[in-house]
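Please look over the sequence and the model shown here before reading the notes on side-chain contacts and backbone angles.

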Amino acid sequence: MRIVTMLLFAALGLGGCAQQTHLAVATQPDVPDNWHMRVTPTDRTAIDQLGVTWTKARAAVPRRARAALAAEGPLLDPTIALPKPELPPGLYYCRLLRFGGRAGFATSKPDFCTVVANAAGVAFNKQSGASQPRGWLFAHNDTRSVFLGAFQPARGGAAPAYGANPALSVAGVVERVSGFRWRMAMTRAGGGAVLDVYELVPVTPKVPGSVPAVAG
């Protein structure tokens, strides 16, 4: 059985204007509750060795970029992983930070991601930007969730189910680093990089008729 695509409509207040964004959750096959039942040996090894990857990635940052790395604070400190790592359903700004590659260390402008809970589980979908991983989130322990999914093909079309196409499949580790701020460290990086990390921050919705707690 395949899950019917769900739609999430979010009203964004950007630049003082209300902008409505139409977001779709990728269709995926039924998903088992335990990520250990689905993860590929390659991704399992990458998850187990993520600490080593973090060390290599941070050590390879060129001197000219170390101030930018430090400015990210707990986001890029692999020793920080707070309790309750689960991503609440909603719309997120997702910003890519890349270790390695031609720049040595680079950050991108935020794109949009969605987290949607349904009868099958919790779906994560990157909705904009050049690289769009889509898949499912699984509970792991008190400080980590695990993402299993696949990249949307460059020529368009739906992202395949995790594991169906090794060239597109990807996993990630989700950790909460501070209030309303998460990161997702991926098991594969683009552009010849060592490590790709997404910063995930909820988009604050504008609720008609509501009164903000803080005037501004």
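Predicted model: local features only at pLDDT ≥ 70, side-chain atom pairs only at ≥ 80, totals over all residues.

Residues are numbered from 1 along each chain as its sequence is written, and side-chain values use heavy atoms, with hydrogens and water left out.

**Aromatic pairs**

- Rings of Phe, Tyr and Trp (its six-membered ring) pair if their centres lie within 6.5 Å, with planes under 30 degrees apart called stacked, over 60 edge-to-face and the rest tilted; by this rule the count comes to 5 aromatic pairs.
- The pair of Y92 and W182 is edge-to-face, because the ring centres are 6.1 Å apart and the planes stand at 80°.
- Y92 belongs to strand β3 (residues 90–100) and W182 to strand β10 (residues 181–186), so this pair ties together parts that are 90 residues apart in sequence; helices (H or I, at least four residues) and strands (E, at least two) are DSSP runs, numbered from the N terminus.
- Y92 is buried at a relative accessible area of 2%, and W182 is buried at 4%, where buried means under 20% relative accessible area, exposed over 50% and partly exposed in between (1.4 Å probe, protein chains only).
- Y93 and F112 form a tilted aromatic pair, with 5.6 Å from centre to centre and 35° between the planes.
- This pair links distant parts of the chain, since Y93 is in strand β3 and F112 in strand β5 (residues 111–118), 19 residues apart.
- Y93 counts as partly exposed at 28% relative accessibility, whereas F112 counts as buried at 18%.
- One aromatic cluster is formed by W54, F99 and F105.

**Disulfide**

- With a disulfide taken as a pair of cysteine sulfur atoms within 2.5 Å, the count comes to 1 disulfide.
- C94 and C113 form a disulfide with their sulfur atoms 2.1 Å apart, and the link is right-handed, with 95° about the S-S bond.
- C94 counts as buried at 1% relative accessibility, and C113 is buried with a relative accessible area of 0%.

**Salt bridges**

- A salt bridge is a side-chain nitrogen of Lys or Arg within 4 Å of a carboxyl oxygen of Asp or Glu, and the structure holds 9 salt bridges.
- D111 forms a salt bridge with K126, their closest N and O atoms being 2.9 Å apart.
- D111 lies in strand β5 and K126 in strand β6 (residues 121–126), so the contact ties together parts that are 15 residues apart in sequence, and both D111 and K126 are buried.
- R44 forms a salt bridge with D48, the closest N and O atoms being 3.2 Å apart; R44 is partly exposed, with a relative accessible area of 29%, whereas D48 counts as exposed at 51%.

**Positive phi**

- Most residues other than glycine have a negative phi, and most peptide bonds are trans.
- K84, in the loop between α3 (66–71) and β3, has a positive phi near 60° and is exposed, with a relative accessible area of 63%.
- F180, in the loop between β9 (169–178) and β10, has a positive phi of about 60° although it is not a glycine, and F180 is exposed, with a relative accessible area of 63%.
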